[in-house]
Amino acid sequence: MSENVQSIAVESLRHIAPDINIDDVDPKMDLRDAFDIDSMDFLNLVSRLAKELELEIPEKDYPDMVQSLDALVNYLKHRTA
Amino acid sequence: MSEFCMPSLGSDMEDGTLIEWEKQPGDTVNRGDVIAVVETQKGAIEVEVYEDGVLEKVLVNLGDKLPVGTPLAIIGDGSGSSSMSRNAVSEPLAQTISSNKDSNKSIDIDSVSIADAVAIADTGEKNQPVTATVAQNRVRATPAAKKLALDSNIDLVSLSGSGPDSAIVLDDVKSAIRTSVSGESVPLRESSSESGNAPDVSKSEVATKRTAMDGMRAAIAAAMSRSKREIPHFYLSHTVQLDKLMAFVSEKNAQRIPEHRLAYGALYIKAVALAVSKYPEFNGHYKEEKYIASKAIHIGMAINIRGGGLVAPAIHHCDSLGIDDTMEKLKDLVARVRNGRFKAAEISDPTLTISSLGDRGVDSLYGVIFPPQVAIIGIGTPGSTVQIVDGSIEPIHTVTITLAADHRVCDGHRGSLFLRDIGRYLNEPDKLQ
């Protein structure tokens, strides 16, 4: 499941930020800066992740998710574990 | 009966290429329906019809490059459609053109410079190398489809067309590109896998991208230069407490799935729309040495385009929309802008623009007015500070909102009242619903 979570996160980010090459992204960098996503993009990302992973993602969890790509994946792994 | 004419989508537009009919002869059309897609140097723009009726006859061919004002089709009222249609056909076309040239009834051709800021946003997905090109010219295809196919190295012979007479249209080529590069750089595709090989960025791709960007940059340069040349701007700034609005949004969103959650942008739009209804001198257009206030409130929202540039299309009648409808429309607009295709009316008729920095910006933004509009509201990134209450300090959240307005039309006094009222609405979120 955990690898699946990683690929779903990456794939969802690709849809939101198709011009960013994931291999060039620093996984510890602020997610919004790394993928140049605004709040509307982030809302779309959360909507997509919630659907794909069948998760409830409350707004209060956003700060944990935006810290970095690693943090996002860890959050999702933790939530789907 | 009236004519549907090539619209002007910006003061510098002289002609456009008809690339798609969204309606066919005999189809019923309603005011606001997208009837055709016109390609300009700035991108593909969906053109709406401004009356109810029946599309009776198409007067020009797909792919024709036509001057602004050229009749493209006849719209009838449906009941007497066939006789009117016959009349129209029996008239020489040249006569029809000359007699109706000045009265574009079926389409609003207000020329507005914000239209200049249109560009195709999705150039990234258009230029993936696919297969060799063979005999492109023997296939029926629109010029835009041919060009994209050529740029993308797509073989038109291998595609089936969905346009009139099975002509290959732009969407056919786009979907072929999506299919062939599934998983790579394709927004809004539901089932793409991660395994697609990343195609090399070819020189031609870079060149095409640069051309599209240059077009947009030039369009922004033209509009903004005109603004700074012609409009004597004055600027005001106001810092507003945001805690009530934040509590309101948190409370709403806690009960909602992500798709139905609110973003601050929608609330800013609503607050500005409500406030401006009492300040008509900030909502309208300055044309030919005269200011005309608009009764309708169509707020243009500056939307950043990935890779550079921006457009500010309108959300219509914001004052009468509920907050959830405003949010839906905003989301829809952002999605379509990022896909590089939106409606002519949306870019040509904002009456007032908002530019918001979102959550990753700086304290304040002083906008440049999009002519012929007369004001732009800038919204900075929310931050936190302290305020003194009864001798003690408490932490609060704030946002700085600014107004840039046209001094030919109004003065700072009214501007400050307007800005203060926006702040008041942001502090009374219950009124924003």
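**Exercise 1. Determine how many salt bridges the rule finds across the interface of chain B and chain A, and characterise that interface.**

Solution. Step 1: the count across the interface of chain B and chain A is seven salt bridges. The structure under study is a predicted model.

Step 1: In D359(B) and R32(A), the closest N and O atoms are 3.5 Å apart. The criterion asks for a side-chain nitrogen of Lys or Arg within 4 Å of a carboxyl oxygen of Asp or Glu, so the pair qualifies as a salt bridge.

Step 2: Chain B supplies 28 residues to the contact, and chain A supplies 30 residues.

Step 3: give the area. The two chains bury about 2,300 Å² between them, and carbon and sulfur atoms carry 42% of this buried area.

**Exercise 2. Identify which residues have the most contacts inside the largest nonpolar core, and examine F418(B).**

Solution. Step 1: the largest nonpolar core has 114 residues, and those with the most contacts inside it are F35(A), F4(B), F418(B) and I422(B).

Step 1: find the main contributor. Helix α7 of chain B, residues 264–276, gives the most to this core, with ten residues.

Step 2: set aside the neighbours of F418(B) within four places in sequence. The residues in contact with F418(B) are then V272(B), A275(B), V276(B), Y279(B), F282(B), L352(B), I377(B) and L403(B).

Step 3: another core, of eleven residues, lies apart from the largest one. Among its members are A149(B), L156(B), I168(B) and L170(B).

**Exercise 3. Trace the strand pairing through V54(B).**

Solution. Step 1: strands β3 (residues 28–29) and β6 (residues 53–58) of chain B pair in the antiparallel sense over two bridges. Within this pairing, V54(B) in β6(B) stands opposite T28(B).

Step 1: β6(B) also pairs with strand β8 (residues 71–76) of chain B, in the antiparallel sense over four bridges. In β8(B), G76(B) is the bridge partner of V54(B).

Note on methods: Residues are numbered from 1 along each chain as its sequence is written. Chains are lettered from A and ligands numbered from 1 in the order in which they are written. This is a predicted model: local features need pLDDT of at least 70, side-chain atom pairs count only at pLDDT 80 or more; totals for chains, interfaces and linings use all residues. Side-chain values use heavy atoms; hydrogens and water are left out. A nonpolar core is a set of buried Ala, Val, Leu, Ile, Met, Phe, Trp, Tyr and Cys residues joined through side-chain atoms within 4.5 Å. Buried means under 20% relative accessible area, exposed over 50%, partly exposed in between (1.4 Å probe, protein chains only). Contact means heavy atoms within 4.5 Å. Two strands pair if DSSP finds at least two bridges between them. Buried area is the accessible area (1.4 Å probe) that two parts lose on being put together, summed over both.
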